[in-house]
Amino acid sequence: MSVATALWATGPGRAELRDELLPVIGTADVEIRTEFSAVSRGTEALVLAGAVPPSQHDTMRAPFQSGEFPFPVKYGYLSVGTVEQAGPRALDLVGRRVFCLHPHQDRYVVPASAVLPVPAAVPPGRAVLAGMLETAVNGVWDAGLGIGDRVSVVGAGVLGLLVAALAVRVPGTDVEAVDVRTDRAGTAERLGFRLVAPDDARRERDVVLHTSGTGPGLTTGLQLLGDEGLLAELSWYGDRSVEVGLGEGFHSRRLTIRASQVGRVPPARAPRWTTRRRLALALDLLCDERFDALLDGVTPFGRAAEVLPGIAAVGGDALCHRFSY
């Protein structure tokens, strides 16, 4: 058997690299040599902090997670690599670059049905964004964006910037990202929209998508809506409680808060869309080189345990940080 190396969260703010044996390749399996994996900061920060509440342990399992919450746990879902070996029913994938919802690991064996080929026009270092872009696609669907809508995205992390980048492609939309820190204004401009501080944000918005992961951000989003407006909540708070302002005009203006979660395709699309089709769409959208604006750092995988706590720190500067293999 071959030996692989994987990144494990072992305690609050602690991680380590561990060796493990790869299983024998089955008839419909593939063995992948990883090129890049990316840290999904919001979720992985909660995992590393041990902040996944017991009621959500099953819901929040990554597809190929090992271990159990809180610790030790092998977690992650943004991996791109090349298929080096395959069982007889998956030989057509040998030599192909693929995306997989797999934790940080240098080699792994998964069913061929768990991978999607990366389009030739998408470099591997950008393809790791597919999982987060898929979440953004689902959020835009849940928000019901329409032609000409006035749209605000509160929170300018990777997810918020991806959401705004999709929203600005809808014809006639007026899109604005809102965040207390505006040092990513250049990144927003490269993606085609403006980034402003909350005090400078436009009001009377048709739709707001919230991604900041904070109570004040959620309250700001509600304040930006016009009457009968809808806020799609994409943030996940783990085991934290948040305060949100539902007083003043929340009821008289008949505002709506709708939860958005990538684990399910929105009901109106579920009869036609699978999660696999949605992920394939995200990979195709990544042919746009402007998404490179979100890629801000690469660390050799051998140092992953050393740097992960800093990358995942709350309030950190990282956008999409990747491990190279």
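**Exercise 1. Find which element gives the largest share of the lining of the second largest pocket.**

Solution. Start with the lining: Val137, Val140, Trp141, Gly144, Leu145, Leu166, Arg169, Val170, Arg269, Leu281 and Leu285. Lining residues have an atom within 4 Å of a point on a 1 Å grid over the protein atoms alone; a pocket is an open set of points with protein on both sides within 12 Å along at least five of seven lines, while a cavity is a set where a 1.4 Å probe fits but cannot get out. Next, pick the elements with two or more lining residues: α3 (130-143) and α7 (275-285). Helices (H or I, at least four residues) and strands (E, at least two) are DSSP runs, numbered from the N terminus. The largest share, three residues, comes from α3.

The model is predicted: local features need pLDDT of at least 70, side-chain atom pairs pLDDT 80 or more, and totals for chains, interfaces and linings use all residues. Numbering runs from 1 along each chain as its sequence is written, and side-chain values use heavy atoms, without hydrogens and water.

**Exercise 2. Describe the largest cavity by volume and by lining elements.**

Solution. Its volume is about 80 Å³, the space filled by probe spheres set on grid points joined across faces, edges and corners. Then take the lining, which includes Trp8, Glu44 and His104. β1 (3-11) and α1 (41-48) each supply at least two residues.

**Exercise 3. Is Leu21 buried or exposed?**

Solution. Locate Leu21 in strand β2 (residues 14-21). Its relative accessible area is 55%. Buried means under 20%, exposed over 50%, partly exposed in between (1.4 Å probe, protein chains only). Therefore Leu21 is exposed.
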